[in-house]
Structures are given as C-alpha cells and as structure tokens.
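This briefing concerns the structure shown below. It treats the sheet, the helices packed on it, and selected salt bridges in turn.

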Amino acid sequence: MELNLEGRTALVTGSTQGIGAAIAAGLARAGARVGVNGRDSSHVEEAVARLEKEAPHARLVPVVADLGTEEGAARALELLADADILINNLGIFEARPALEITDDEWRRYFEVNVLSSIRLTRAYLPGMMDRGWGRVQYIASDAAVAIPAEMIHYGMTKTALLAVGRGFAKAAAGTGVTVNSVIVGATHTGGVEDFVYQLVNRSLPWDEAQRTFMREHRPQSLLGRLIEPEEIANTVVYLSSEQASATTGAAVRADGGYVDSILP
C-alpha cells in the first residue's frame with residue numbers, strides 16, 4: 001500500500017521530539033509539507049535539521065509558537081495559514097496524587113491538552129471543508145479509557161479529546177474531511193523515561209526499569225513493552241491518507257492491547 005501525501009500540508013503540534021517528531025517524519029516521508037512545532041526556536045531548528053537527515057527530501061516549515069495559548073495559535077496561523085492535515089499531538093503529563101492536584105493544575109492541563117486542539121480545529125477545519133478534503137487527528141491515550149490513579153488530570157484531558165474528535169467528525173460529516181482520535185499506549189520517549197523513573201527505582205538500568213514499570217503499572221499490555229514512536233506514526237500516516245477515507249469519528253487504538261476491550 002502506497003501512502004502518498006504529495007501536495008498536502010500538515011501541522012503536527014508538539015513535534016520537536018518523541019511521538020510528534022516521529023509523526024512529522026512519517027508524514028514528510030510520505031510526501032507532505034510538514035509544519036514542525038515547538039515553543040523554543042532552538043529546539044524547532046534542531047528538530048528540523050534532524051528530520052531533514054531522516055527524510056532528505058522533506059519539506060519542513062518551522063512553526064515556533066506556544067500552542068497552549070491563544071497568542072500561540074494565532075502565531076501558528078501566520079506561519080502556516082492553511083493545512084490539509086492537522087495532528088493535535090501537543091500534551092503534558094506528570095504523576096500527581098489525585099487529592100493534591102490544584103485548580104490551577106486542572107486548568108493548565110485542560111488548556112494545553114484539550115483547548116489547544118479545539119482552537120486549531122476551529123481555525124483549520126473550515127478551510128478543509130471548503131476544499132472538500134482534510135484530515136484532523138487527536139493523539140489520545142489509553143489513559144482516556146483506563147484512567148490512571150497517578151494522573152487523573154491527564155486522563156481527564158484524553159477522555160475529553162475522544163469527545164472532541166467525535167463531535168468535530170459530526171460537524172464535518174459529508175464534506176470529505178475525516179476526524180479521528182488515536183488511542184496511544186505507553187510509548188518509549190524521553191518524557192516517558194522520566195515518568196517511568198518517577199514510579200520505579202531510579203538505580204535500575206533502563207531495560208530493567210521498563211520491564212518493571214510494565215509489569216507493575218501496565219500489566220494489561222499485550223505487548224509487554226513500551227511502544228516505539230514510529231509505530232504510532234505509522235497509524236497516523238495511514239489515517240492521513242486517501243486509503244483511510246472511510247474511517248471517521250473513530251477512536252483508533254495503537255495501545256499494544258492495553259485496554260481490555262474489543263471496542264475503544
């Protein structure tokens with residue numbers, strides 16, 4: 001199956017590292033022009049240089065903007081006025097005891113993880129609908145379905161994204177635009193390495209720490225390992241393609257079988 005995105009423009013939020021960077025690379029390799037986003041100009045420049053090595057023919061647009069704010073969203077629209085593909089990947093997470101999460105933290109998590117995606121969808125979706133083609137995706141998490149006790153504020157935001165994705169899919173019904181969420185399982189990124197070491201002994205070597213984390217905190221995983229970012233990117237690139245034209249309003253699982261259900 002050839003996934004050809006030539007002539008398409010994509011914006012991947014939070015794409016200087018981890019899952020976002022893998023998605024940006026995957027879309028670029030498929031031929032899309034890709035907006036690479038981060039808050040810090042030096043990090044964005046480093047990411048663009050790295051992606052150009054991974055995908056030599058990539059067409060990349062640096063989008064330096066804090067998309068957790070209204071001002072950042074406006075800046076992104078200045079730098080990338082139109083997009084055919086919007087991948088809402090930006091998100092923050094941290095382990096916190098449930099009763100110690102403050103009002104300000106609840107607001108911050110909703111602002112960054114949910115409202116940022118809503119703002120950008122409102123900005124880009126009308127143009128996609130007018131052109132009769134587009135792809136919007138929300139990078140959700142198994143935490144949306146199986147709320148983790150150690151970070152219910154994060155789980156709440158990912159549950160909200162599933163609702164947002166389904167709702168905007170209805171708004172775009174019959175226009176040629178698809179809107180989906182991707183339920184991601186525990187994935188091997190630098191941030192997740194830090195998270196793992198919040199929950200297991202920091203003196204353990206990484207391989208042992210990873211196995212301990214999966215055994216003690218994610219025992220439902222059918223993979224029994226962390227997912228690699230490229231595995232998530234493969235799902236996102238497919239959903240961005242012509243071949244995925246009949247998939248919309250869905251929560252597509254790339255969770256390693258963590259959620260114990262035959263449905264999302």
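This is a predicted model, in which local features need pLDDT of at least 70, side-chain atom pairs count only at pLDDT 80 or more, and totals for chains, interfaces and linings use all residues. Residues are numbered from 1 along each chain as its sequence is written, and side-chain values use heavy atoms, with hydrogens and water left out.

**Sheet architecture**

- Seven strands form an open sheet in the order S3-S2-S1-S4-S5-S6-S7, with parallel pairing; strands are DSSP runs of E with at least two residues, numbered from the N terminus, and two of them pair if DSSP finds at least two bridges between them.
- Strands S3 (59-64) and S7 (251-254) are the edges; each has a single partner strand, so one side of each lacks a neighbour in the sheet.
- On average, neighbouring strands are turned by 20 degrees against each other, direction ignored (axes are lines fitted to C-alpha atoms, for helices over the stretch in contact, and angles run from 0 to 180 degrees between N-to-C directions).

**Strand S6 and its partners**

- Eight bridges join S5 to S6 in parallel, and Gln137 stands opposite Asn180 in S6.
- Between S5 and S6 the chain passes through helix H5 (residues 152-171) in a right-handed β-α-β crossover, meaning that, with the strands pointing away from the viewer, the path from the first strand over the helix to the second runs clockwise.
- Four bridges join S6 (residues 177-184) to S7, also in parallel, with Ile183 opposite Arg253 in S7.
- Both faces of S6 are covered: Val177, Val179, Ser181 and Ile183 on one side and Thr178, Asn180, Val182 and Val184 on the other are all buried (buried is under 20% relative accessible area, exposed over 50%, partly exposed in between, with a 1.4 Å probe and protein chains only).

**Helices on the sheet**

- Helix H2 (residues 41-54) lies across S2 (33-38) and S3, at about 170 degrees to S3; helices are DSSP runs of H or I with at least four residues.
- Helix H4 (residues 103-131) lies across S1, S4, S5 and S6, at about 165 degrees to S4.

**Salt bridges**

- The whole structure contains eleven salt bridges (a side-chain nitrogen of Lys or Arg within 4 Å of a carboxyl oxygen of Asp or Glu).
- Glu242 and Arg8 form one at 3.1 Å, N to O; the two residues are 234 residues apart.
- Arg131 meets Asp82 at 3.8 Å and Asp84 at 3.5 Å; shared partners join Asp82, Asp84 and Arg131 into one network.
- Asp84 counts as buried at 10% relative accessibility, whereas Asp82 is partly exposed at 49%.

Conventions. Contact means heavy atoms within 4.5 Å.
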